[in-house]
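Please open the model in a viewer and keep the selection tool at hand. The stops below are to be visited in order.

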Amino acid sequence: MSLKHLISALPKAELHLHIEGSLSPQLMWELAQKHHISLPYHSVEEIEKAYNFSDLQSFLDLYYAGADVLRNEDDFYQLMMAYLQRCHQENVVHTEIMFDPQTHTDRGVPFSTFMKGFLKAVQVAKGEYGISVKLIMSFLRHLSEAQALQTLRDAEAWYDVIDAVGLDSSELGHPPEKFERVFAEARTLGFKVVAHAGEEGPPDYIWQAINLLSVDRIDHGVRCQEDEELMELIKQRQIPLTVCPLSNLKLCVIDDMSQHNILKLLDAGLLVTVNSDDPTYFGGFLNENFEALDVALGMTEAQCRQLAKNSFTASFLSEEEKQKWI
Ligand code: HPA
Ligand code: ZN
């Protein structure tokens with residue numbers, strides 16, 4: 001079996017996916033027309049052409065602007081449904097999906113609008129495809145901790161359908177320590193916790209996410225390799241890293257995929273996983289991220305199988321549910 005065939009045949013979990021980052025240019029275009037929103041583009045192709053980024057912030061500017069076409073419950077339903085259909089096509093049998101409430105509530109879209117749309121799609125996809133889904137509510141780190149706390153409170157009616165909280169958006173200048181209190185409160189409420197750290201930010205941000213936020217997983221974390229002691233800790237504790245190869249390339253965290261360190265981290269015994277992050281902005285869903293590693297780094301079959309296995313080990317499924325796939 002070719003590796004490409006194996007990649008698509010293996011059951012996989014995806015653990016680092018921003019639902020707003022799965023908005024296709026086609027759907028963005030359709031929703032803009034439906035709501036009479038004028039976009040700074042004249043065609044779907046022009047949207048696609050605009051996706052050239054120099055760093056995280058240059059991407060976030062377009063990502064937040066794009067999310068403005070999401071206005072009513074059906075828009076959020078369509079967004080979620082399109083991603084879950086794609087999961088089904090790619091043999092992604094379990095997915096833990098991040099959503100950014102503040103991106104919507106700050107535009108006047110109520111919590112109930114996006115939650116109802118998301119949950120309806122999740123229910124349909126569970127029935128049609130048997131896929132399992134967990135939801136991760138992420139706080140925008142360029143906003144204040146008080147606003148994150150308010151978001152946690154605003155979500156109260158939805159606590160039973162949210163599994164974890166996360167931290168995303170502009171990393172540099174917004175260290176994890178800024179959110180120590182809101183993460184403590186989230187943990188007290190029983191949520192799992194994850195945080196983006198060490199994507200653009202220094203290893204110290206990963207230390208903070210571990211020591212101050214007590215994260216269950218680190219999103220990205222690729223800059224851990226700059227600190228031997230940190231790498232050893234992540235390995236010893238088997239703290240999962242949800243790595244996103246095409247994202248790292250598109251946001252210029254690396255210059256070329258051949259420089260990616262994921263297989264080195266894997267071979268060193270770290271619990272790394274492959275993920276797509278914002279697939280419609282970064283040029284590939286999950287299988288394309290695996291394929292990019294194969295093309296640039298010559299991934300072995302054993303490495304490929306280990307990465308698929310890690311995706312379940314690092315998930316928030318119960319031990320019993322994990323055993324079904326490992
Ligand atoms: N990093 C930080 N914030 C984000 C990302 C990312 O890759 N995608 C969406 N929000
Ligand atoms: Zn991310």
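In which helix is the place of Ala-296? Select helix H15 (residues 286–297), where Ala-296 lies; helices (H or I, at least four residues) and strands (E, at least two) are DSSP runs, numbered from the N terminus.

This is a predicted model, in which local features need pLDDT of at least 70 and side-chain atom pairs count only at pLDDT 80 or more, while totals for chains, interfaces and linings use all residues. Residues are numbered from 1 along each chain as its sequence is written, chains are lettered from A and ligands numbered from 1 in the order in which they are written. The mean pLDDT (the predictor's confidence in each residue, from 0 to 100) of the protein is 98, and 100% of its residues reach 70 or more.

Ala-296 counts as partly exposed because it has 17 C-beta neighbours inside 10 Å; a residue is buried with 20 or more other C-beta atoms within 10 Å of its own, exposed with 12 or fewer, and partly exposed in between, C-beta atoms being placed from the backbone. Next, show Met-257, Ser-258 and His-260, which Ala-296 touches, residues up to four places away in sequence not being counted; contact requires C-beta atoms, placed from the backbone, within 7 Å.

Now select helix H5 (residues 73–89). Its buried residues are Asp-75, Phe-76, Leu-79, Met-80, Tyr-83, Leu-84 and Cys-87. Seen down the axis of H5, they fall within an arc of 160 degrees (taken from the directions from the helix axis to the C-beta atoms), so they line one face of the helix. Their cover includes strand E1 (12–18), helix H2 (25–34), strand E2 (92–99) and helix H7 (111–129).

Conventions: Expected span 1.5 Å × (residues − 1). Contact = placed C-beta atoms within 7 Å.
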